[in-house]
Amino acid sequence: MNSSRWNVSAVFLCAAVVFVAGTSLGSAQSAPKTKNLWKSVPFAIVRYNDDAPKSWNLYYSGKHGVLLLRLWKRYLLIDRNQQLVFDIDPEKIKEKGDDIEFSLEADAGEPADISDWKERDVGMLRRLRFRFGQKGNYLDIQTPLKANGDPLY
(Lines give C-alpha, C1' and ligand atoms only; values in the text may rest on other atoms or scores of the structure.)
Protein backbone atom coordinates (compact mmCIF):
# COMPACT_ATOMS: atom_id res chain seq x y z
CA MET A 1 0.00 0.00 0.00
CA ASN A 2 2.90 2.39 0.72
CA SER A 3 4.40 1.73 -2.70
CA SER A 4 1.11 2.62 -4.43
CA ARG A 5 0.99 5.94 -2.49
CA TRP A 6 4.58 6.58 -3.50
CA ASN A 7 3.74 5.88 -7.17
CA VAL A 8 0.74 8.27 -7.04
CA SER A 9 2.91 10.96 -5.38
CA ALA A 10 5.60 10.49 -8.01
CA VAL A 11 3.02 10.85 -10.81
CA PHE A 12 1.66 14.07 -9.27
CA LEU A 13 5.18 15.41 -8.79
CA CYS A 14 6.08 14.68 -12.43
CA ALA A 15 2.84 16.31 -13.63
CA ALA A 16 3.60 19.42 -11.55
CA VAL A 17 7.13 19.66 -12.96
CA VAL A 18 5.83 19.32 -16.53
CA PHE A 19 3.14 21.96 -15.86
CA VAL A 20 5.63 24.46 -14.38
CA ALA A 21 8.14 23.87 -17.17
CA GLY A 22 5.42 24.29 -19.80
CA THR A 23 4.15 27.57 -18.35
CA SER A 24 7.66 29.00 -17.98
CA LEU A 25 8.45 28.11 -21.61
CA GLY A 26 5.18 29.63 -22.75
CA SER A 27 5.88 32.89 -20.95
CA ALA A 28 9.46 32.95 -22.25
CA GLN A 29 8.19 32.71 -25.81
CA SER A 30 5.67 35.54 -25.37
CA ALA A 31 8.11 37.93 -23.63
CA PRO A 32 9.83 39.21 -26.81
CA LYS A 33 6.48 40.33 -28.23
CA THR A 34 6.00 42.78 -25.37
CA LYS A 35 9.54 44.13 -25.83
CA ASN A 36 8.81 44.81 -29.50
CA LEU A 37 5.58 46.72 -28.85
CA TRP A 38 5.97 50.50 -28.67
CA LYS A 39 3.18 52.61 -27.16
CA SER A 40 2.39 56.22 -27.91
CA VAL A 41 3.70 58.83 -25.44
CA PRO A 42 0.76 60.88 -24.18
CA PHE A 43 1.23 64.63 -23.66
CA ALA A 44 4.49 64.82 -25.61
CA ILE A 45 5.42 67.94 -27.55
CA VAL A 46 7.50 67.80 -30.73
CA ARG A 47 8.79 70.81 -32.63
CA TYR A 48 10.83 70.78 -35.82
CA ASN A 49 12.69 74.08 -36.07
CA ASP A 50 10.07 76.53 -34.74
CA ASP A 51 6.96 74.73 -35.94
CA ALA A 52 4.95 71.72 -34.88
CA PRO A 53 5.15 69.05 -37.59
CA LYS A 54 1.85 68.24 -39.26
CA SER A 55 2.38 64.49 -38.90
CA TRP A 56 4.26 62.96 -35.97
CA ASN A 57 3.97 60.53 -33.08
CA LEU A 58 6.36 59.61 -30.27
CA TYR A 59 6.59 56.04 -28.94
CA TYR A 60 8.26 54.38 -25.95
CA SER A 61 9.10 50.79 -25.08
CA GLY A 62 10.19 49.02 -21.90
CA LYS A 63 13.72 50.40 -22.15
CA HIS A 64 14.09 53.74 -20.35
CA GLY A 65 15.64 56.58 -22.31
CA VAL A 66 14.90 55.10 -25.74
CA LEU A 67 12.20 56.72 -27.87
CA LEU A 68 10.97 56.17 -31.40
CA LEU A 69 9.75 59.23 -33.28
CA ARG A 70 7.64 59.09 -36.41
CA LEU A 71 8.22 62.40 -38.17
CA TRP A 72 6.17 62.49 -41.37
CA LYS A 73 7.19 59.22 -43.11
CA ARG A 74 10.53 58.99 -41.32
CA TYR A 75 11.29 57.05 -38.12
CA LEU A 76 14.03 58.13 -35.72
CA LEU A 77 15.29 55.94 -32.88
CA ILE A 78 16.47 58.30 -30.13
CA ASP A 79 18.73 56.90 -27.41
CA ARG A 80 18.93 59.49 -24.64
CA ASN A 81 21.33 57.35 -22.62
CA GLN A 82 24.05 57.33 -25.30
CA GLN A 83 22.97 60.58 -27.03
CA LEU A 84 22.50 58.86 -30.39
CA VAL A 85 19.87 59.13 -33.11
CA PHE A 86 19.32 56.46 -35.77
CA ASP A 87 17.30 56.74 -38.96
CA ILE A 88 15.14 53.59 -39.09
CA ASP A 89 13.89 52.00 -42.30
CA PRO A 90 10.06 52.25 -42.27
CA GLU A 91 9.88 48.71 -43.69
CA LYS A 92 11.10 47.36 -40.31
CA ILE A 93 8.13 48.90 -38.48
CA LYS A 94 4.67 47.36 -38.33
CA GLU A 95 1.64 49.33 -37.18
CA LYS A 96 -0.62 47.63 -34.62
CA GLY A 97 -3.54 50.03 -34.18
CA ASP A 98 -2.26 53.03 -32.19
CA ASP A 99 0.93 51.16 -31.28
CA ILE A 100 3.78 49.96 -33.44
CA GLU A 101 5.97 46.88 -33.45
CA PHE A 102 9.73 47.29 -33.80
CA SER A 103 12.56 45.18 -32.45
CA LEU A 104 15.45 46.92 -30.68
CA GLU A 105 17.63 44.00 -31.73
CA ALA A 106 17.17 44.97 -35.39
CA ASP A 107 20.19 46.58 -36.98
CA ALA A 108 19.65 50.33 -36.66
CA GLY A 109 22.61 51.12 -38.92
CA GLU A 110 24.91 54.08 -38.49
CA PRO A 111 23.95 56.90 -36.12
CA ALA A 112 22.81 60.15 -37.71
CA ASP A 113 25.11 63.15 -37.68
CA ILE A 114 23.78 65.32 -34.85
CA SER A 115 25.15 68.20 -32.79
CA ASP A 116 24.08 70.58 -30.01
CA TRP A 117 22.56 67.82 -27.85
CA LYS A 118 20.89 69.55 -24.88
CA GLU A 119 18.72 67.95 -22.25
CA ARG A 120 17.13 69.62 -19.26
CA ASP A 121 14.07 69.52 -17.05
CA VAL A 122 11.51 72.26 -17.63
CA GLY A 123 8.94 72.04 -14.85
CA MET A 124 7.17 68.72 -15.24
CA LEU A 125 8.74 68.07 -18.67
CA ARG A 126 12.10 66.80 -19.85
CA ARG A 127 13.25 68.71 -22.88
CA LEU A 128 15.63 67.27 -25.47
CA ARG A 129 16.93 69.41 -28.28
CA PHE A 130 19.47 68.53 -30.95
CA ARG A 131 20.49 69.67 -34.41
CA PHE A 132 20.93 67.55 -37.54
CA GLY A 133 24.51 68.15 -38.68
CA GLN A 134 26.39 71.30 -37.67
CA LYS A 135 24.05 73.86 -39.22
CA GLY A 136 20.96 71.81 -40.06
CA ASN A 137 17.42 71.75 -38.72
CA TYR A 138 16.82 71.14 -35.06
CA LEU A 139 14.38 68.88 -33.26
CA ASP A 140 12.84 69.70 -29.89
CA ILE A 141 11.09 66.92 -27.92
CA GLN A 142 9.39 67.40 -24.56
CA THR A 143 8.20 64.39 -22.56
CA PRO A 144 6.36 64.39 -19.21
CA LEU A 145 8.10 63.58 -15.91
CA LYS A 146 6.78 61.77 -12.84
CA ALA A 147 5.82 63.82 -9.79
CA ASN A 148 9.21 63.03 -8.17
CA GLY A 149 11.07 64.35 -11.24
CA ASP A 150 12.12 60.97 -12.66
CA PRO A 151 11.66 60.38 -16.40
CA LEU A 152 8.39 58.70 -17.26
CA TYR A 153 9.79 57.11 -20.45
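## Ground rules

Because this is a predicted model, local features need pLDDT of at least 70 and side-chain atom pairs count only at pLDDT 80 or more, while totals for chains, interfaces and linings use all residues. Residues are numbered from 1 along each chain as its sequence is written, and side-chain values use heavy atoms, leaving out hydrogens and water.

## The big picture

Let's start with the whole chain. You'll find 1 helix and 11 strands in it; here helices (H or I, at least four residues) and strands (E, at least two) are DSSP runs, numbered from the N terminus. Read along the sequence, the pattern is α-β-β-β-β-β-β-β-β-β-β-β.

Of the 153 residues, 32% count as buried, where buried means under 20% relative accessible area, exposed means over 50%, and partly exposed is in between (1.4 Å probe, protein chains only). Now take the contacts (heavy atoms within 4.5 Å): among those between residues at least 6 apart in sequence, 39% join residues at least 24 apart.

## A four-stranded sheet

Which strands make up the open sheet of 4 strands, and in what order? The order is β2-β11-β10-β9, with antiparallel pairing. Two strands count as paired if DSSP finds at least two bridges between them. At the edges sit β2 (45–48) and β9 (114–122), each pairing on one side only.

Inside this sheet, β10 (residues 125–132) and β11 (residues 138–144) pair in the antiparallel sense over 7 bridges. For F130, the bridge partner in β11 is L139. As background, strands of a sheet pair through backbone hydrogen bonds, either parallel or antiparallel.

## A hairpin

Next, look at β5 (residues 74–79) and β6 (residues 84–88), which run antiparallel and are joined by 5 bridges. Y75 stands opposite I88 in β6. The two strands form a hairpin with 4 residues between them, and Q83 in the turn has a positive phi of about 55°.

Most residues other than glycine have a negative phi. You'll spot F43 in the loop between β1 (37–40) and β2. Is F43 buried or exposed? F43 counts as exposed because its relative accessibility is 73%.

N49 is also not a glycine, yet has a positive phi of about 60°. N49 lies in the loop between β2 and β3 (56–60). At 26% relative accessibility, N49 counts as partly exposed.
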